Amino acid sequence: MNDLTEIKKIIVKKPLKLDCGQEISNFPLAYETYGKLNENKDNAILVFHALTGDQFASGINPITKKDGWWKHALGPGKAFDTEKFFVISANVIGGCMGSYGPSTINEITNKPLGTDFPVITINDMVNAQYNLLDFFKIETLFAVAGGSMGGMQVLQFVSNFPYKAKVAVPIACTSSHSAQNIALNELGRQSIMADINWQNGSYREREKSPDKGLAVARMAAHITYLSKKGLQEKFGRKLQERDDLKFSFDADFQIESYLRHQGAAFVDRFDANSYLYITRAMDYFDLTKKFDGNLSKAFANSKTKFFVISFTSDWLYPTSESRDIVIALNAIGANVGFVEIKSDKGHDSFLLDVPDFLGTLKNYLSSTYKK
Amino acid sequence: MKKEFKVISELIENKSKALDVGCGDGELLKYLLENKTKDIRGLEISKESVQNCLSKGLPVIEGNAENDLMQFPNKSFDYVILSQTLQAFLNPDKVIKELLRVGKKAIVTIPNFGHWKIRIKLLVNGTMPLTENLPYEWHSTPNLHMCTIKDFFVFCEERDIKIFKSLALNKEKISEINNKNLNYKNLMSDLGIFLIENK
């Protein structure tokens with residue numbers, strides 16, 4: 001993989017009891033920051049990334065040399081305005097960008113942990129990330145925000161730490177992974193595990209990783225991030241650098257070539273075992289489980305202001321699931337705003353240049369910060 | 001209509017919890033926030049308006065009053081406000097019922113179709129009246145169920161809804177409506193403002 005020395009991380013010394021029962025301590029958690037923490041320490045925003053994201057939300061990612069995943073939303077003058085806010089972008093445990101994960105080297109065997117790494121949950125991720133507040137000596141965050149799995153972390157964070165964030169912005173997410181979500185993740189995992197190079201997760205030793213399986217997982221997942229209309233408008237039945245069908249299994253269509261490219265580019269920056277672990281964490285996510293199926297109880301006593309956002313063409317985490325969150329919040333009289341943003345760009349809308357989304361979010365944060 | 005906001009605001013007790021149904025761009029919510037109570041919410045059907053409200057930091061949710069009031073528990077607000085929107089619903093009866101379920105009290109304002117100018121327009125021109133408050137042609141109006149101040153009185157009476165206070169607004173002038181002056185106020189007022197509660 002890549003050189004991970006440029007990565008900022010904290011070492012969490014305190015033992016953390018995971019949902020699976022195992023206890024971990026002295027583990028690394030990677031993060032990045034943007035903007036400056038003010039004297040009152042009241043301008044901090046903690047952002048959480050999605051399944052395949054990392055802590056490099058803005059600017060150029062030093063490892064991949066590509067733009068940060070939230071470049072449209074985070075930076076000077078953007079929605080998360082780094083001239084005004086101090087943004088901490090937290091990586092997740094289980095990831096492959098410097099945090100404790102399946103590619104962490106086991107000091108005793110001198111091999112990557114692989115599937116010896118414990119199965120983690122969104123709850124575990126958030127409990128690990130909470131240590132960043134202690135590290136920066138921040139009493140209360142102005143906001144927590146994130147899309148997709150990042151949104152699930154937002155919900156889990158405010159449920160676990162109800163007084164630690166003034167504002168919560170869960171975007172394009174759910175309070176409980178649906179059967180469809182689990183099914184799609186399982187498709188990705190089976191694809192990785194069917195790759196002969198996976199070797200029960202011990203592939204690092206052989207220097208041969210399950211790239212084919214991971215690429216197919218990414219291709220399948222990528223389709224779920226887009227909308228039918230978006231795909232049709234961008235690709236339709238357009239052919240890839242040819243005048244007619246070739247009567248073969250080459251990538252005749254542009255959409256095929258595009259997906260192959262997405263798959264191939266992904267394996268350069270992501271670890272197959274991390275993909276297994278993080279999708280598992282998402283599947284295990286059900287915020288109501290601890291509260292007898294009552295989502296409202298997950299937010300009881302919360303003084304946090306919620307701004308829930310969904311997108312019209314998102315069929316992976318559809319508006320109805322965001323509405324369930326809103327309904328649960330209204331049932332306990334929480335302070336909640338909600339809008340479904342019109343966009344043809346599918347689930348990926350939260351990452352893209354969608355002016356209604358970015359403009360509303362920017363103004364919401366800045367007017368709420370003033371109050 | 002700023003005067004309407006002022007009248008509504010005066011009907012509301014300090015520090016109470018209020019929901020504005022059909023809050024538009026949040027002008028009333030903002031007025032209440034600055035003058036009356038911090039504990040406000042809004043429900044609005046237009047995405048663009050919801051985005052404008054959220055941009056001002058107002059806690060507004062996108063939704064349709066005819067379906068989405070259901071999510072609020074019984075008596076979860078001290079006041080539920082419906083400003084000049086009743087006439088636009090498919091089923092005003094159901095909406096009023098929901099307002100009185102969700103709110104301990106409701107404040108309903110209605111553009112008065114009984115105003116003399118409107119009556120004269122229909123009488124003299126023989127066409128559907130257009131006014132400053134009701135500027136839509138018959139074929140493109142969102143207003144499905146126009147009513148008069150008197151109609152609303154009868155409506156409440158028939159349903160055992162208690163009218164705590166009824167006010168008439170004409171231009172900038174505000175006055176009380178009672179059983180004695182009802183016909184006169186019904187003729188002279190632009191807007192009726194009612195504070196109601198289930199008996």
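**Close-up 1. The structure holds one cavity of 30 Å³ or more.** This is a predicted model, so keep that in mind as you zoom in. The volume of the largest cavity comes out at about 30 Å³.

**Close-up 2. Ten names around the void: what lines the largest cavity?** From one stretch of chain A come His49(A), Gly53(A) and Asp54(A). Asn91(A), Val92(A), Gly95(A), Cys96(A) and Met97(A) join them in the lining, along with Phe270(A) and Ile278(A). Sorted by class, that lining has five nonpolar, four polar and one charged residues.

**Close-up 3. Chain A meets chain B.** Here the contact takes 25 residues from chain A and 20 residues from chain B. Interface size is often quoted as the accessible area lost when the parts come together. For chain A and chain B, the buried area is about 1,700 Å², and carbon and sulfur atoms give 49% of it.

Close-up 4. How many salt bridges does the rule find across the interface of chain A and chain B? It finds two. As for polar contacts between chain A and chain B, the count is twelve residue pairs, both partners at pLDDT 80 or more.

**Close-up 5. The chain A side of the contact, element by element.** Helix H10 (319-331), strand E14 (335-341) and helix H11 (355-370) of chain A are the elements giving two or more residues to the side that touches chain B. By class, this side of chain A has ten nonpolar, ten polar and five charged residues.

Technical notes
Residues are numbered from 1 along each chain as its sequence is written. Chains are lettered from A and ligands numbered from 1 in the order in which they are written. This is a predicted model: local features need pLDDT of at least 70, side-chain atom pairs count only at pLDDT 80 or more; totals for chains, interfaces and linings use all residues. Side-chain values use heavy atoms; hydrogens and water are left out. Contact means heavy atoms within 4.5 Å. Buried area is the accessible area (1.4 Å probe) that two parts lose on being put together, summed over both. A salt bridge is a side-chain nitrogen of Lys or Arg within 4 Å of a carboxyl oxygen of Asp or Glu. A polar contact is a pair of N or O atoms within 3.5 Å; within protein, one must be able to donate a hydrogen and the other to accept it, and residues adjacent in sequence count only if both atoms are side-chain atoms. Helices (H or I, at least four residues) and strands (E, at least two) are DSSP runs, numbered from the N terminus. Ala, Val, Leu, Ile, Met, Phe, Trp, Tyr, Cys and Pro count as nonpolar, Asp, Glu, Lys and Arg as charged, and the others, Gly among them, as polar. On a 1 Å grid over the protein atoms alone, a cavity is a set of points where a 1.4 Å probe fits but cannot get out, and a pocket is an open set with protein on both sides within 12 Å along at least five of seven lines; lining residues have an atom within 4 Å of a point. Grid points are joined across faces, edges and corners, and a volume is the space filled by probe spheres set on the points.
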